[in-house]
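I opened this notebook to record what I looked up in the structure shown below.

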Amino acid sequence: MKKLKFPSAQTILLIIAGLVTLLTWVIPAGKYETLGYNSVDNTFTRIGITTTETLPATQQTLEDLNIKIPLEKFTSGDIYKPINIPKTYHQLEAKPQGFFDFVKSPIKGIIEAADIIFLVLIIGGLIGIINSTGAFDAGIGWLAKVLKGREFILIILVTLLVAAGGTTFGFAEETIAFFPILIPVFLAARYDAIVGIACIFLGSAIGTMCSTVNPFSAIIASDAAGISWTTGIWGRLFMLLACLTIALIYIIRYGKRVQNDPTKSIVYDQQQQIAALFKHDKKAVNFNSRLRLSLFVFALCFVIMIYGVVFLEWWFIEMTTTFFVGAIIIGVIAKIKETDFIDTFVRGASDLLGVALIIGIARGVTVIMADGLISDTLLYYASSATEGMNKGVFASAMTAIYAGLSFFIPSSSGMAVLTMPIMSPLADSVGVGREIVVNAYQYGMGLFYMINPTGLILASLAVVKIGFDKWLKFIMPLFIILVVFTLLVMTVSCYI
């Protein structure tokens with residue numbers, strides 16, 4: 001009998017989209033009323049099921065709507081998306097999605113995710129240009145010599161740096177750019193591609209899971225919960241350090257086994273395929289000033305991107321433009337002919353086209369849920385499930401609920417503004433601080449993010465052509481350890 005092969009990332013997402021389509025026939029349609037702030041005329045807009053109402057932007061308006069959030073959180077721009085209004089859930093006429101809705105969802109998802117898709121494609125073009133100069137091969141050869149015998153430093157540095165970005169400004173989608181850059185470095189250090197993926201992806205996952213000053217999760221969730229973002233920050237900092245330590249020990253131990261015996265690699269059967277994908281010319285390359293300058297410009301693109309996101313409020317258009325301009329500058333430095341530049345850039349972009357499509361298909365899943373009006377229904381029943389629980393069980397249950405909701409709402413900022421006004425008051429009835437709900441939101445989303453097929457893991461794996469089944473084989477022991485540790489910390493935190 002022919003051995004069944006684990007489906008590709010695209011197929012997995014289409015299966016999920018099909019299952020979510022079926023759920024729209026089972027789960028009742030429903031919606032919360034929402035409240036948005038208008039900075040132009042300093043008013044609130046309340047959007048009901050059939051009506052839209054303009055209200056004065058005052059603290060009294062918020063109190064009348066049972067929203068326990070200070071007015072300045074809206075006027076300062078800290079909460080910039082419409083929030084759900086507590087106790088306004090309405091069950092609506094069902095909107096089950098049919099076959100044509102299902103087949104259109106990937107196209108709609110690709111259109112909605114066009115910003116990140118173009119970022120990925122332009123990055124692919126940039127990588128194609130830098131590879132064609134030989135600068136990257138020369139740089140990898142130099143780095144392999146420097147780290148010889150101390151390769152574990154690479155694991156620690158990459159993981160900590162990416163985690164620092166995750167905990168401070170939500171470094172997530174941007175990590176897609178680093179996989180084709182850093183995977184060859186890990187291969188040159190005699191690790192396998194799984195180690196490289198783990199350092200980048202888990203660094204980002206744990207960093208965002210334990211966000212300290214991240215405006216897209218910790219701050220916006222705290223604001224939507226009506227508390228200061230500094231409340232609970234020390235607990236999140238402890239979790240960040242503890243989870244990073246656990247993950248680093250796990251990755252380093254696995255990496256050491258692979259270095260000592262390559263057959264221990266989970267992707268050993270793909271060793272030649274991956275090596276060919278990230279082929280590194282081992283011939284001596286003269287690392288001359290032109291190649292050094294090309295590599296400097298290449299690295300500078302990422303520095304500028306991070307600086308722009310953190311300090312200049314850049315987003316995908318600005319980031320994509322940075323990489324596009326960087327590719328042109330490198331082409332000029334390396335004296336690449338115009339026709340060769342275009343051909344090379346297009347080939348590089350095409351190498352990441354599969355990744356871009358995965359991102360779009362994943363977004364299509366959320367399109368089906370939004371069109372089927374089941375997201376708010378799931379939130380309504382999830383919030384009702386915690387009634388009458390004691391403190392410890394409440395904290396663990398909220399973590400599990402947020403993990404489940406993140407399958408349907410993978411956006412951290414979207415999850416915060418949609419759920420916090422509904423979920424955070426539940427902490428008052430149980431007798432715990434609202435930071436417990438904020439932490440449950442972060443930890444639940446962060447843990448499930450490590451294996452969430454509607455998140456970024458499938459797109460990340462597609463860069464390296466590694467199957468989801470092999471990632472699960474690698475991550476599950478660490479995932480279980482982190483889940484048990486997180487639930488233990490959440491339970492204890494309710495009583496101290």
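The entries run from the whole chain to two single residues.

Entry 1, basis. I worked from a predicted model, in which local features need pLDDT of at least 70, side-chain atom pairs count only at pLDDT 80 or more, and totals for chains, interfaces and linings use all residues. Residues are numbered from 1 along each chain as its sequence is written, and side-chain values use heavy atoms, with hydrogens and water left out.

The C-alpha trace spans about 70 × 55 × 45 Å along its principal axes. I noted that 54% of the 496 residues are buried, that is, under 20% relative accessible area with a 1.4 Å probe and protein chains only; exposed means over 50%, and partly exposed lies in between.

Of the contacts (heavy atoms within 4.5 Å) with a separation of 6 or more, 79% join residues 24 or more positions apart.

I located Asn-66 in the loop between α2 (59–64) and α3 (72–75). Its phi is near 60°, a positive value in a residue other than glycine. Asn-66 counts as partly exposed because its relative accessibility is 35%.

I located Lys-87 in the loop between β5 (83–84) and β6 (90–91). Phi of Lys-87 is positive, near 60°. With 76% relative accessibility, Lys-87 counts as exposed.

Most residues other than glycine have a negative phi.

Note on methods. Helix = DSSP H or I, 4+ residues; strand = E, 2+ residues; numbered from the N terminus.
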